[in-house]
Amino acid sequence: MKFRDGYWEIREGFSRINLVDVVDTEKSRDSVTVYATDRKLPHERIVSIPLITAEFSSIGEDVILVTMCHHRGFVEKGPHFELFAPLSGGQVEEDETTITLRSGGLSLVSSKQQWDVSLFRGGKRLTGISGRNSAHYTDAEGACFMVQYLDLSVGETIYGLGERFTPFVKNGQTVDIWNEDGGTASEQAYKNIPFYLSNRGYGVLVNDPGKVSFEVASEVVSAVQFSVPGEIISYYLIAGDTLKEVIRKYTGITGRPALPPAWSFGLWLSTSFTTDYDEKTVGSFINGMAQRKIPLSVFHFDCFWMKECRWVDFEWDQEQFPDPQGILRRLHEKGLRICLWINPYVAQKSPLFAEGMDKGYLVKKASGDVWQWDRWQAGMGLVDFTNPTAAAWYCGKLKKLLDIGVDCFKTDFGERIPTDVVWYSGTDPNKMHNYYTYLYNRAVFTLLEETRGKGEAVVFARSATVGGQCFPIHWGGDCAATYESMAETLRGGLSLGLTGFGFWSHDISGFEQTATPDLFKRWTAFGLLSSHSRLHGNHSYRVPWNFGDEASEVLRFFVKLKCRLMPYLYAAAVESHQEGIPMLRAMALEFPEDPACAYLDRQYMLGPSLLVAPVFSADGIVSWYLPAPAQGPQVPDSSPEGLWTNYLTGKTARGGSWHREKHGYTSLPLMVMPNSIICTGNNDQRPDYDYAAGVTVEIFAIDDGKDARAMIYDTSGEKEAEILVSRHNEAYTIERRIVKNGSEKKSWKALLWGLHGKNAAVEDGNFTLVDTSLGLLVTPEPGDDSVRVRVPD
């Protein structure tokens, strides 16, 4: 939302109270308060002038809460984000002209005379709050807005704001934080998060679940402007040495993702949406996958497991599925988990509508009538999750499905939330529009944790707000079967990851329309090299044989590859759970010092060491960039140091350079970063197995004098072993440190990629050494956990 008319004027119809002179300051141990007015102060006593109250509070290390208020006498109805941010750790200093609040290494410095507020960290100015533009605005109808302008520096880039399908770098964009069911091809988004990251090492979380409007270098090109309706605005300034550190601190405030069960990382297959299916159809899909030896982990029943026009009644369509408990038992016997589609709406034709209406469980209008409309389901109402009894009623229906064998739910929708309603809790309906999805997904996820246990709960959610990352997984919504939509889907996932969401998926080959065989195969590689992987569509089945025999081969190849990579991937998942760092990482997050990575949005890091560059064209040609190594001494081109390795081909390339290649369908740039360890498992048939038993420690391009480490976890997220590799001249030391009792009995081996030589030898430890086509394979005798290998040039 724009308030200015060019540089000099404000827009017609608006008046404002901006920040010019400081009237007074106050301080406490953890906070500073500045009172500012919109004019130069006279020498006489002050009367009949407005004041803006600016409160700055320390919230832990390197986090400052800013609250600006005009009139404080309003009734605060909520809802509020569930944040973990107590006042702490502040230090206040002042002299004759300035007052400073320190929070860890972050300092907010305010003048005590004219408005001048800046943020510093490590001697570097990060940003400042513009007094000329930041203001309380009132429009011609009397509506009020609190507006902030934070300075942007030369070369500063802004990221995040939720799952956005527009350009990855948000500079130049207008972004409204308002959840919409708008697909992936517009400025609308299912998951709007009022948090952005700057490449200068800070982030901003606007603490308002309602409609926050951002103008990112679009109204004033040297500022991020954001506004909220009303008399108060509150936001957190979060700083760190790296963008990762900022995300850790942000998720420390807003919550970190639960660890999804290991089985959820395998392939999900869906009935698709409007297709015709029954138990025979489902059986043919599952048997077809087995016949083609394609490992399958989860089967999903979309909307029509229930009878049409009755969504939701949570009753199986007896014509199509006369024996629900039997079919679930038979699918479980095949080793599958079961997911069912649900939404928070109740069609008028559903028996639950009358029940919910009678008990007051559906959202009402001001008249007391139940809110209804005909979009999606005829006469549908909406479950009021602000009513604890209504939430328990809804979850009680789901519990019956869990009791007969359902494992998880696809929590669809949650964006089309009306504002002309009255909520049970009395909360502000405009703020509930975005916040509703949090209550909906929390209720379902909590039920799953209570029923299945922590570590076994998973949803497949489309909508989200701040805190929604705590209830994984989320998927990218209704994309189309085009390369353009595949690319916009990736942009959305990268942006979402930068707002604390660790686990993300998308509909392989697109939801709308039906993909060409070419697109299906290309999207398959991208889909299986995401944290979670699902085949799902709208009007047609997404079984691979509908796209040709080669499609089945491609799908089988990448599903099995993902299963083998699970020790590495699950370690990245644990990192997401513990620290909030996403599994699917923007290049700018992993390589903030490389300026070439700032705008990259067609490649990503999967975990800390694997670079993925999907193919986005029918000709199979892909261009990608390999980041430069960290600052260090220059190495000659002939040196093996600093080389990235293609995990599928063994081909190496040096960082700091662009590459262009043509790839077949079972190939793409899947590059391993130098000085990396990729732990791979001995099972390519399922994602949930004993990762430490028979693990191969795959070692890539360790530079002289460097070391590398990796963790191996079990499927509950408990650490089993730590792997350490170091190199000194020609000698490589490989060590397995056991953490969990019993793990010392499990076999393991190490593979030194790209290293060969008949003179290579084991110098320390009881190991056998074999020169393979990929490199030197080191296999220890039982009980040996350390080896030194010398590899002469």
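**A chat about strand β7 and its surroundings**

Reader: How many bridges join β7 to strand β21, and are the two parallel or antiparallel?

Author: β7 and β21, the latter covering residues 232–239, are joined by seven bridges and run antiparallel. Please keep in mind that this is a predicted model.

Reader: Is β7 itself buried or exposed?

Author: Seven of the seven residues of β7, which covers residues 63–69, are buried, so the strand is largely enclosed by the rest of the structure.

Reader: Which β7 residues point one way, and which the other way?

Author: Val63, Leu65, Thr67 and Cys69 point one way from the strand, while Ile64, Val66 and Met68 point the other way, and all of them are buried.

Reader: Let me step back to the whole chain. How many helices and strands does it have?

Author: The chain has 11 helices and 48 strands. Buried residues make up 61% of its 793 residues, and of the contacts with a separation of 6 or more, 67% are between residues 24 or more positions apart.

Reader: What about its radius of gyration against a compact globule?

Author: For 793 residues, a compact globule would have a radius of gyration near 28 Å, and the chain has 28 Å, which agrees. Along its principal axes, the C-alpha trace spans about 90 × 70 × 50 Å.

Reader: How many positive and negative side chains are there?

Author: There are 79 positive and 99 negative side chains, and the centres of the two sets lie 2 Å apart. As for the surface, the chain exposes about 29,600 Å², with carbon and sulfur atoms supplying 48% of it.

Reader: Back to strands: what is the order in the open sheet of six?

Author: The order is β31-β32-β33-β38-β35-β36, and the pairing is antiparallel. Its edge strands are β31 (584–585) and β36 (652–654), each of which pairs on one side only. Further in, two bridges join β35, residues 643–646, to β38, residues 670–672, and Thr645 stands opposite Val672 in β38.

Reader: I was also looking at helix α3. Which of its residues are buried?

Author: In α3, residues 324–333, the buried ones are Pro324, Gly326, Ile327, Leu328 and Leu331.

Reader: What do they pack against?

Author: The buried residues of α3 pack against helix α2 (279–291) and against the strands β23 (298–301) and β24 (337–342). Just after α3 comes Gly335, which takes a positive phi of about 85°.

Reader: Last topic, Asn387: where is it placed?

Author: Asn387 is in the loop between β26 (381–382) and α5 (388–403). Although it is a loop residue, Asn387 is buried, with a relative accessible area of 5%, and the cut-off for calling a residue buried is under 20%.

Reader: Which residues does Asn387 touch?

Author: Not counting residues up to four places away in sequence, Asn387 touches Gly360, Tyr361 and Tyr424. The C-alpha atoms of Asn387 and Val363, which are 24 residues apart along the chain, are separated by 9.5 Å.

Conventions:
Residues are numbered from 1 along each chain as its sequence is written. This is a predicted model: local features need pLDDT of at least 70, side-chain atom pairs count only at pLDDT 80 or more; totals for chains, interfaces and linings use all residues. Side-chain values use heavy atoms; hydrogens and water are left out. Helices (H or I, at least four residues) and strands (E, at least two) are DSSP runs, numbered from the N terminus. The radius of gyration is taken over C-alpha atoms; the globule rule is 2.2 Å times the number of residues to the power 0.38. Buried means under 20% relative accessible area, exposed over 50%, partly exposed in between (1.4 Å probe, protein chains only). Contact means heavy atoms within 4.5 Å. Accessible areas come from the Shrake-Rupley method with a 1.4 Å probe; for residues, only the protein chains shown count as cover. Lys and Arg count as positive and Asp and Glu as negative; His and the chain ends are not counted. The place of a charge is taken as NZ of Lys, CZ of Arg, CG of Asp or CD of Glu. Two strands pair if DSSP finds at least two bridges between them.
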